[in-house]
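Q: Please take a close look at one part of this model, the charged pairs and the helix packing around them. What holds there, and how are the terms defined?

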Amino acid sequence: KLGPGAVGDLDDLDRRARLEGALEQSGWRELRTGSVDEPMASGIEAAFVIRALARRGCDTAYLGPVLAHDLLRRAGVEPDGVARTIAVGADLATLAVAGSPAVAIDAAGCTSALLLTADGTLAEVALAGSEITVDLTREVAAIAASAVAAPLAGATALSADALDGWYALGVALTAADLVGAMEGALELAVEYAKERRQYGAPIGSYQAVQHLLAEAKTLTEGAHSAMIHAAWAVDALSPTEARQAAAVAKAYAARAARTVCETCIQVHGGIGNTWECMAHVFLRRTLLATDLFGG
């Protein structure tokens, strides 16, 4: 209910504050906290949340904070109430290493970002601010190579298996984000096709438009199935197998999302290419998500 209903709503600070408050109160960012071997919630539950947020284009931080909590859990660090996100390398593909240029993703409201030291332990770097870039619904913050990274007290070095499990979660949740954005774009296009009339009939009554939307629906359902398997695999399979399942889901969802979002713009016709149409908001979200954790 608190997601943007139109592009202009992205500038509604009161709405954004209420959305942020609702997400904070829900505790969903802490779904992956718990003991080292047993998170409070499954990967599927975390995926359902980000899918729902993406479907409405919600402009609040979730992916970064939930992955930060999962990292802390794997390193044996108890949550302390600090609003953290994660930092990835300049190519957006891997968790950042201290001393290299990095980007804090999903940084709205976060005061620091987690990254790795050279010996594989967790550290955090303070964030001075964040900004909107290609994705109008999520903020990022650039981190200079000279930024001081402070090691986290009590953090144990992350094993290769722990990092693989974490990457599997990150890729699976990114696939879920893509699926949600696809669903949002498709819903937007279907509603428009029901209302927009040409030659005395709704454009959705014409077979050419129906075929476009049917293909988009098929792609969305396929991506959803692959994503659910990947989210399940995070906790049910070995880290290596989970990472493979996540890679398959991400590859499928990323390719499908481009087609679905472009179909949404095509169905809208000329208005789909304007700033006022929400179609480009979904497309922009998928473009960033496609590159995140590997294109």
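A: Buried means under 20% relative accessible area, exposed means over 50%, and partly exposed lies in between, with a 1.4 Å probe and protein chains only. Arginine 258 is partly exposed by this rule, with a relative accessible area of 45%, and glutamate 262, at 40%, counts as partly exposed too.

The model is predicted: local features need pLDDT of at least 70, side-chain atom pairs count only at pLDDT 80 or more, and totals for chains, interfaces and linings use all residues. Residues are numbered from 1 along each chain as its sequence is written, and side-chain values use heavy atoms, with hydrogens and water left out.

Arginine 258 and glutamate 262 meet through their side chains in a salt bridge, 2.6 Å from N to O. A salt bridge is here a side-chain nitrogen of Lys or Arg within 4 Å of a carboxyl oxygen of Asp or Glu. The two residues are four apart in helix H6, so about one helical turn separates them. Helices (H or I, at least four residues) and strands (E, at least two) are DSSP runs, numbered from the N terminus.

Helix H6 (residues 239-268) packs with helix H5 (residues 207-236) at an angle of about 160 degrees, their axes being 8 Å apart. Axes are lines fitted to C-alpha atoms, for helices over the stretch in contact, and angles run from 0 to 180 degrees between N-to-C directions. H5 and H6 are therefore roughly antiparallel, a term for angles over 145 degrees. The residues of their contact divide into 20 nonpolar, seven polar and no charged. In this count, Ala, Val, Leu, Ile, Met, Phe, Trp, Tyr, Cys and Pro are nonpolar, Asp, Glu, Lys and Arg are charged, and the others, Gly among them, are polar.

The count for the model is 21 salt bridges. One of them joins aspartate 177 and arginine 138, with the closest N and O atoms 3.0 Å apart. Aspartate 177 lies in helix H4 (residues 160-195) and arginine 138 in the loop between strand E5 (131-132) and strand E6 (139-143), so the pair ties together parts that are 39 residues apart in sequence. Both aspartate 177 and arginine 138 are buried.

Helix H4 also holds glutamate 191 and lysine 194, three residues apart, about one turn of the helix. These two form a salt bridge, the closest N and O atoms being 3.5 Å apart. Glutamate 191 is partly exposed at 36% relative accessibility, whereas lysine 194 is exposed at 55%.

Conventions:
Parallel < 35°, antiparallel > 145°, perpendicular 65-115°, else oblique.
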